[in-house]
Amino acid sequence: MNDDIDDGTGSGDGAGFDDGAGSGDGPGVEEELLEEELRQAAFLLDPVPPALLQAAVDAFALRDLEARVAELTFDSLLDALPVRGAAAAPRMLTFSAGEVTLDVELTEEGLIGQVLPPAPARIDLLTASDPATPLTTDDMGRFTAPTPPHGPFALRLHTPEETVMTEWLRA
């Protein structure tokens, strides 16, 4: 048995690892200085591209704090098995928020979707580069957008009862 190893209980002889945190009150002064130096180095050596920074600012501006977030429950890029011979298969997405389900199909021609259960609703197609594109559902809860989104996008669903917002995805 090796008695020179500190087991972290404070009963060792002090030869063990000292993380500098002291009494567990958080990072020490040295760690904070190192973190700031690393942050400055990253800012100088690997800055955030201006287009990405602008997209993040625009996405933040489009947030809706009162909206319920719809969780992505299916993405054909991640969840579907590949089909032989289907090179340009549409991307299928399903979002869920409680009883509300939003099925979306992205094609080269545009966006097609359906709200379940069917209800009259307005849907905003949000992108980082364009203002919100308003879409409306028909009696069956279906909606279409004539052009597919490019880059990051989200959907905001407005029903008489609530507002539901999908997470941001890249088309």
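In the predicted model, pLDDT (the predictor's confidence in each residue, from 0 to 100) stays under 50 over residues 1-18, and for this segment the model has four contacts beyond four places in sequence, a contact being defined by heavy atoms within 4.5 Å. Where pLDDT is low, the predicted coordinates should not be read in detail. Over the protein as a whole, pLDDT averages 79, and 74% of the residues score at least 70. Because the model is predicted, local features need pLDDT of at least 70 and side-chain atom pairs count only at pLDDT 80 or more, whereas totals for chains, interfaces and linings use all residues. Residues are numbered from 1 along each chain as its sequence is written, and side-chain values use heavy atoms, with hydrogens and water left out.

The secondary structure comprises three helices and 10 strands, where helices (H or I, at least four residues) and strands (E, at least two) are DSSP runs numbered from the N terminus. Along the sequence these elements follow the pattern α-α-β-α-β-β-β-β-β-β-β-β-β. Among contacts with a separation of 6 or more, 48% are accounted for by residues 24 or more positions apart. The accessible surface of the protein, calculated by the Shrake-Rupley method with a 1.4 Å probe and, for residues, with only the protein chains shown counting as cover, comes to about 12000 Å², of which 58% belongs to carbon and sulfur atoms. Of the 171 residues, 28% count as buried, with buried meaning under 20% relative accessible area, exposed over 50%, and partly exposed in between (1.4 Å probe, protein chains only).

A nonpolar core is a set of buried Ala, Val, Leu, Ile, Met, Phe, Trp, Tyr and Cys residues joined through side-chain atoms within 4.5 Å. The largest such core has 22 residues, and those with the most contacts inside it are Leu93, Phe95, Leu102, Val104, Leu111, Ile123 and Phe143. At least two residues of this core are supplied by each of strands E1 (68-75), E2 (91-97), E3 (100-106), E4, E5, E7 (142-145) and E8 (152-158), and the largest share, four residues, comes from E3. Beyond its neighbours within four places in sequence, Phe95 is in contact with Ala70, Glu71, Leu72, Thr73, Val100, Thr101, Leu102, Val104, Thr166, Glu167 and Leu169.

A search of the whole structure finds six salt bridges, each defined as a side-chain nitrogen of Lys or Arg within 4 Å of a carboxyl oxygen of Asp or Glu. The side chains of Asp75 and Arg91 meet in one of these, at 2.6 Å from N to O. Because Asp75 lies in strand E1 and Arg91 in strand E2, this pair ties together parts that are 16 residues apart in sequence. Asp75 is buried, with a relative accessible area of 3%, and Arg91 is likewise buried, at 12%. Another salt bridge joins the side chains of Asp124 and Arg156 (3.4 Å, N to O); here the pair links distant parts of the chain, with Asp124 in strand E5 and Arg156 in strand E8, 32 residues apart. Asp124 is buried at 6% relative accessible area, and Arg156 is buried at 12%.

In helix H1 (residues 29-45), Arg39 and Glu35 lie four residues apart, about one turn of the helix, and their side chains meet in a salt bridge of 2.8 Å, N to O. Arg39 is partly exposed, with a relative accessible area of 46%, as is Glu35, at 44%.

The peptide bond between Leu116 and Pro117 is cis, with omega of about -5°. Most peptide bonds are trans. Pro117 lies in the loop between strand E4 (111-116) and strand E5 (122-127). Both Leu116 and Pro117 are in contact with Glu99, once the neighbours of Glu99 within four places in sequence are left aside. Glu99 is found in the loop between E2 and E3 and is exposed, with a relative accessible area of 71%. Although Glu99 and Leu116 are 17 residues apart in sequence, their C-alpha atoms are 8.1 Å apart in space.

Leu52 lies in helix H2 (residues 50-61) and counts as partly exposed, at 48% relative accessibility.
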